[in-house]
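Please keep the sequence and the structure in view while reading.

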Amino acid sequence: MAKFEPVLSKYFNTPESWLLRQYRMRGAPYGYETAKKVISTMEPKAVTEEVKKSNLRGRGGAGFPAGVKWSFLPDNGKPRYLAVNADESEPGTFKDREIIAKDPHNLIESIICACWAIQSHHAYVFIRGEFTREAKRLQAAIDECYAEGILGDDVLKLGKNFKLDVTVITGAGAYICGEETGLLSAAEGKRAYPKIKPPFPAVEGYFRYPTIINNVETIQCVMHILAHGADWFRNIGPESGPGPKLFCVSGHVQKPGLYEVALGTTLREIIDMAGGPIGTIKGIIPGGSSMPIMTPDQIDTPADFDSIRAAGSYLGSAGMIVFNDQTCIVNALLNLARFYHHESCGQCTPCREGLGWLEKLTHRLEFGHGKEGDVDMLNEVCGMIKGRTICFLADSLVMPVVSYVEKFREEFDYHVTHKRCMTDTEPGKFKAISEMAVTA
Ligand SMILES: Cc1cc2nc3c(=O)[nH]c(=O)nc-3n(C[C@H](O)[C@H](O)[C@H](O)COP(=O)(O)O)c2cc1C
Ligand code: SF4
């Protein structure tokens with residue numbers, strides 16, 4: 001495989017990379033040159049076919065092929081919408097906000113290409129409310145586009161009768177707004193309650209009109225696929241799910257941050273890019289905190305959709321969190337249980353109540369009040385939750401609980417028998433890196 005050159009983050013460190021002037025200075029294929037070429041020379045269906053051919057899989061969590069999703073849109077003459085998911089609330093994930101803050105025009109150019117493909121005349125970018133800098137940057141970039149005739153009644157002044165508006169919607173900072181149907185409810189001005197599927201949003205979405213929902217990074221890939229071709233994209237990483245990928249690396253690594261690699265780069269190589277681990281690795285969460293944990297013997301697993309899945313976890317949103325051997329796994333799980341329970345929207349009893357039970361059980365284990373049978377009960381409660389809810393938020397806690405207990409059972413049992421943690425961490429507190437006996 002040829003040496004990988006960053007694609008998505010290539011201009012992140014260029015001064016004022018968010019300004020239209022700077023975006024144009026890069027020259028083709030940037031500066032809206034690709035969007036011009038696509039609208040002038042490609043039929044919308046051909047664009048969808050090219051994206052399908054590229055095997056671009058969704059970067060928001062589920063890894064669904066983007067082109068296939070686009071082709072689910074019904075041909076019923078109704079208006080269609082594109083909703084770009086910039087909620088990014090999964091702990092350990094911090095890539096989409098960077099794309100928006102540092103390369104908003106690249107995202108807008110990709111939105112134009114995607115909207116041409118699906119023949120949508122209105123795109124919404126739903127962004128988490130706390131991302132004020134990002135929302136302002138994006139709005140400023142959109143304003144520049146309207147002022148220059150890039151967006152509006154005649155996109156890029158090409159005379160193609162193609163109108164496109166892009167609207168930023170800010171959420172109120174709830175994790176559930178990132179779930180695609182929760183996002184739709186919130187965008188419609190309601191409480192962010194997820195909806196039962198089917199119907200899927202591509203058939204019945206925003207205000208019941210056909211809507212394509214894609215993650216920011218998924219959409220950002222579109223312009224690059226159209227600029228360089230589907231074959232180029234498929235040559236980056238494994239064919240079943242190729243492309244450049246932003247990995248958010250945090251936890252016990254020397255240089256936490258955002259690293260762009262080709263899909264299929266191993267977990268070890270990505271951790272090495274982040275300066276290597278602090279101490280000895282105990283566990284690796286490959287794709288955001290809701291994903292099953294992996295163990296050090298799996299460190300040579302290629303980080304791509306299918307390989308991580310075969311190893312028992314998911315690539316998810318590529319929020320990679322590294323735990324070293326000074327981490328109390330029960331404490332780490334309590335932290336997650338608090339988060340997911342708090343974020344439950346409350347519609348489904350197994351989620352509303354069940355996540356509460358998981359939090360209470362983990363809390364009493366962590367604080368030395370665990371009883372015989374509590375660890376098994378964690379698994380039993382998970383069994384009563386899994387697959388019984390409207391959306392996957394509940395499973396987002398079930399997956400870590402089941403995998404942490406399976407892989408670190410002795411630590412849970414130790415909490416029951418010794419009423420304290422194996423790593424001598426104060427209950428409810430994480431050990432500061434300065435207090436750790438670093439062993440590697
Ligand atoms: C509880 C929950 C939270 C989610 N949060 C996000 C999010 O913040 N951003 C995101 O892109 N997808 C998130 N997703 C996935 C979306 O529902 C959806 O699959 C995704 O936006 C589709 O885009 P993609 O196909 O480009 O990945 C979440 C899913 C669940 C169940
Ligand atoms: S699973 Fe939880 S977050 Fe999802 S709809 Fe049900 S109660 Fe709400």
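Gly-251 and Val-322 are bridge partners, the latter lying in strand β8. This pair belongs to the pairing of strand β5 (residues 244-251) with β8, in which four bridges join two strands that run parallel. The model is a predicted one. The points below begin with the surroundings of β8 and then turn to the other elements of the chain.

- Strand β8 covers residues 319-324, and six of its six residues are buried, so the rest of the structure largely encloses it.
- One side of β8 carries Gly-319, Ile-321 and Phe-323, while the other carries Met-320, Val-322 and Asn-324; both faces are covered, as all of these residues are buried.
- Strand β7 (residues 281-285) is also joined to β8 by four bridges, but these two strands run antiparallel.
- Within β8, Ile-321 is the residue that stands opposite Ile-285.
- As a general rule, backbone hydrogen bonds pair the strands of a sheet, in either a parallel or an antiparallel manner.

**The four-stranded sheet**

- An open sheet is formed by four strands in the order β3-β2-β1-β4, and their pairing is parallel.
- Strands β3 (165-170) and β4 (211-215) are the edge strands, each of which pairs on one side only.
- On average, neighbouring strands of this sheet are turned by 20° against each other, with direction ignored.
- Strands β1 and β2 run parallel and are joined by six bridges; here Ala-86 stands opposite Ile-127 of β2.
- Six bridges also join β2 to β3, again in a parallel arrangement, and Ile-127 stands opposite Thr-170 in β3.
- Strand β1 (residues 81-86) pairs with β4 in the parallel sense over five bridges, and Asn-215 in β4 is the bridge partner of Asn-85.
- Five of the six residues of β2 are buried, so this strand is largely enclosed by the rest of the structure.

**Helices lying across the sheet**

- Helix α6 (residues 104-118) lies across β1, β2 (122-127), β3 and β4, and runs at about 145° to β1.
- Helix α9 lies across β1 and β4, with an angle of about 95° to β4.

**Helix α9 in detail**

- Helix α9 (residues 216-228) contains 13 residues and reaches 19 Å from its first C-alpha to its last, which is close to the 18 Å expected at 1.5 Å a residue.
- The helix is mostly covered, with eleven of its 13 residues buried.
- Among the buried residues of α9 are Val-216, Glu-217, Cys-221, His-224 and Leu-226.
- An α-helix has 3.6 residues a turn, so residues three or four places apart point the same way.
- Gly-229 follows α9 and has a positive phi, near 100°.

**Domains**

- According to the domain assignment, the chain holds domain 1 (20-234), domain 2 (244-324) and domain 3 (329-432).
- The centres of domain 2 and domain 3, taken over C-alpha atoms, are separated by 22 Å.
- Seven residues from domain 2 and eight residues from domain 3 take part in the contact.
- On the side of domain 2 that touches domain 3, four residues are nonpolar, three are polar and none is charged.

Key
Residues are numbered from 1 along each chain as its sequence is written. Chains are lettered from A and ligands numbered from 1 in the order in which they are written. This is a predicted model: local features need pLDDT of at least 70, side-chain atom pairs count only at pLDDT 80 or more; totals for chains, interfaces and linings use all residues. The expected span of a helix is 1.5 Å times one less than its number of residues. A residue is buried if 20 or more other C-beta atoms lie within 10 Å of its own, exposed if 12 or fewer, and partly exposed in between; C-beta atoms are placed from the backbone. Two strands pair if DSSP finds at least two bridges between them. Axes are lines fitted to C-alpha atoms, for helices over the stretch in contact, and angles run from 0 to 180 degrees between N-to-C directions. Two residues are in contact if their C-beta atoms, placed from the backbone, lie within 7 Å. Domain bounds come from an automatic or database domain assignment. Ala, Val, Leu, Ile, Met, Phe, Trp, Tyr, Cys and Pro count as nonpolar, Asp, Glu, Lys and Arg as charged, and the others, Gly among them, as polar.
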